[in-house]
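Have the picture open as you read.

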Amino acid sequence: MSVACPGGHASETTDYCDQCGAPLTASAAPPCPACAAPRAGPTRFCESCGYDFEAARGRAAAWEAVIEADRAHFERVAADGLSFPETAASRVVALDRDELCIGRGTKCDIDLSDDPAVSHAHAKLVRRDDGAYVVLDLDSTNGTTVNDGEDPVAPGTQVPLADGDRIAVGAWTTITIRAARAP
């Protein structure tokens with residue numbers, strides 16, 4: 001496999017260009033499209049999330065969602081009469097399908113029935129061809145925000161997500177998208 005150096009030469013070596021001697025550093029390679037980690041040279045797989053640079057998309061279970069009750073979100077949006085769930089446990093869901101429904105009830109892949117301000121079909125996570133995900137609000141009653149944004153996502157608008165992005169739904173639920181952690 002040949003590697004392109006910063007000068008545009010095809011090099012058979014991976015540390016220095018075998019034509020002009022320029023160093024082939026991680027900065028010469030674009031970052032991982034799935035998690036934005038710096039690419040360590042011409043390796044096939046991302047060292048952070050396992051993304052396969054030679055395939056059309058990353059590994060199926062390269063992403064996960066961490067679901068938590070978020071007091072700061074609750075303080076910003078909760079209606080009178082609701083109480084924050086002090087004993088709510090966080091949970092991790094593998095993002096292992098092309099589409100995952102976020103909502104209330106067993107018909108949704110990410111069931112948030114404990115949050116009364118989440119719509120039955122609130123939002124959807126959709127995997128792109130590069131392995132990363134986007135979130136779409138499904139015209140929910142109380143809206144969806146990303147990264148503590150002031151304005152909710154317009155229904156049907158695809159918002160690209162990266163490692164660490166936070167989706168806020170309902171009265172207290174925050175879903176953090178992250179590269180899957182090794183077991």
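Which element gives the largest share of the lining of the largest pocket? Helix 1 does, with 3 residues.

## Ground rules

This is a predicted model, where local features need pLDDT of at least 70, side-chain atom pairs count only at pLDDT 80 or more, and totals for chains, interfaces and linings use all residues. Numbering runs from 1 along each chain as its sequence is written, and side-chain values use heavy atoms, with hydrogens and water left out.

## The pocket

A pocket here is an open set of points on a 1 Å grid over the protein atoms alone, where a 1.4 Å probe fits, with protein on both sides within 12 Å along at least five of seven lines; lining residues have an atom within 4 Å of a point. The largest one holds about 260 Å³ of space, that being the space filled by probe spheres set on the points.

Its lining has 19 residues, and those nearest the centre are His 73, Val 77, Asn 142, Thr 145 and Gly 170. By type, the lining splits into 9 nonpolar, 7 polar (Gly counts here) and 3 charged. Helix 1 (71–77), strand 9 (144–146) and strand 11 (166–169) each supply at least two lining residues. Helices (H or I, at least four residues) and strands (E, at least two) are DSSP runs, numbered from the N terminus.

Two strands pair if DSSP finds at least two bridges between them. Strand 9 runs antiparallel to strand 11, joined by 3 bridges, and Thr 145 has Ala 168 as its bridge partner.

Strand 11 also pairs with strand 12 (residues 173–179), antiparallel over 4 bridges. The two form a hairpin with 3 residues between them, and Gly 170 in the turn has a positive phi of about 65°.
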